[in-house]
Amino acid sequence: MPKGVGKVIAQNKKANHDYFIEETYETGIVLQGTEIKSLRNGRANLKDSYARVHNGEMFLYNLHISPYEQGNRYNHDPLRTRKLLLHKKEINKLIGLTKEEGYALVPIKIYLKNGYAKLLLGLGKGKKKYDKREDLKKKEAKRDIERAFRERQKM
């Protein structure tokens, strides 16, 4: 199955707005029992999350997974730091790439693939304000063209 394909649980829509995504990596996530149950219910938020390398291992910060309703005392901390599963070669490559100024590791989406929770991690270069405005103008122009085309088809 190709990278990024599966049942999408959560997406970071601001990632493409705030960053130019240059490369993507499919990673596994180390989760506790009630976390995967909560993910299967679609209870995750990627909004302010980010990834970092610490002691040669990749970690994900600020990923909010809501506590499982039937989890009682076995529930987890919603914002705990979670380890990401990548090959050592990929981690070393990402260490070098993120040391360059303006680059960040941005989670793009969480999805289920063959029963496992996967995270699509993007290497992004931050956009400037004028880049964001240019993207919005292109998006609006495309929407206007499609609207005009649909109206013309009705006639």
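**Entry 1: Thr 27.** I started with the contacts of Thr 27, skipping anything up to four places away in sequence. Thr 27 touches Leu 84, Leu 85 and Leu 86, and also Ala 117, Lys 118, Leu 119 and Leu 121. A reminder to myself that this is a predicted model. I then looked up where Thr 27 belongs, and the answer is strand β2, residues 19-29. Buried or exposed? I call Thr 27 buried because its relative accessibility is 1%, and the cut-off for buried is under 20%.

**Entry 2: what β2 pairs with.** Next I checked the partners of β2. β2 runs antiparallel to strand β9 (residues 116-126), and nine bridges join the two. Leu 85 had already turned up among the contacts of Thr 27.

Entry 3: I moved to the β4 and β5 hairpin. Strand β4 (residues 50-54) and strand β5 (residues 57-61) are antiparallel and joined by five bridges. His 54 sits opposite Glu 57 in β5. Which residue of the turn has a positive phi? Two residues lie between the strands, and Asn 55 takes a positive phi near 55 degrees. From β5 I followed the pairing to strand β7 (residues 82-85), where I found three bridges in the antiparallel sense. Met 58 stands opposite Leu 84 of β7, and Leu 84 is another residue that Thr 27 touches.

**Entry 4: largest pocket.** Then I ran the pocket search. The largest pocket comes out at about 330 Å³. It has 20 lining residues, and those closest to its centre are Tyr 19, Tyr 50, Ala 104, Leu 105 and Val 106. Two or more lining residues come from each of α1 (13-18), β4, α3 (88-98) and β8 (103-113). Which element gives the largest share? That is β8, with five residues. By residue class I got 11 nonpolar, three polar and six charged.

**Entry 5: second largest pocket.** The second largest pocket holds about 150 Å³ of space. Its lining is Lys 13, Asn 16, His 17, Lys 127, Lys 132, Asp 135, Leu 136 and Lys 139. The elements that supply two or more of these are α1 and α4 (129-154), and α4 has the largest share with four residues.

**Entry 6: Asn 75.** Last stop was the loop between β6 (64-65) and β7, where Asn 75 is found. I put Asn 75 down as partly exposed because its relative accessibility is 25%, and that class lies between 20% and 50%. What does Asn 75 contact, leaving aside neighbours within four places in sequence? I got Thr 34, Pro 67 and Tyr 68. The Asn 75 side chain reaches the backbone oxygen of Tyr 68 at 2.9 Å. As for Thr 34, it is 41 residues from Asn 75 in sequence, yet the C-alpha to C-alpha distance is 6.0 Å.

Key:
Residues are numbered from 1 along each chain as its sequence is written. This is a predicted model: local features need pLDDT of at least 70, side-chain atom pairs count only at pLDDT 80 or more; totals for chains, interfaces and linings use all residues. Side-chain values use heavy atoms; hydrogens and water are left out. Buried means under 20% relative accessible area, exposed over 50%, partly exposed in between (1.4 Å probe, protein chains only). Contact means heavy atoms within 4.5 Å. Two strands pair if DSSP finds at least two bridges between them. On a 1 Å grid over the protein atoms alone, a cavity is a set of points where a 1.4 Å probe fits but cannot get out, and a pocket is an open set with protein on both sides within 12 Å along at least five of seven lines; lining residues have an atom within 4 Å of a point. Grid points are joined across faces, edges and corners, and a volume is the space filled by probe spheres set on the points. Ala, Val, Leu, Ile, Met, Phe, Trp, Tyr, Cys and Pro count as nonpolar, Asp, Glu, Lys and Arg as charged, and the others, Gly among them, as polar. A polar contact is a pair of N or O atoms within 3.5 Å; within protein, one must be able to donate a hydrogen and the other to accept it, and residues adjacent in sequence count only if both atoms are side-chain atoms.
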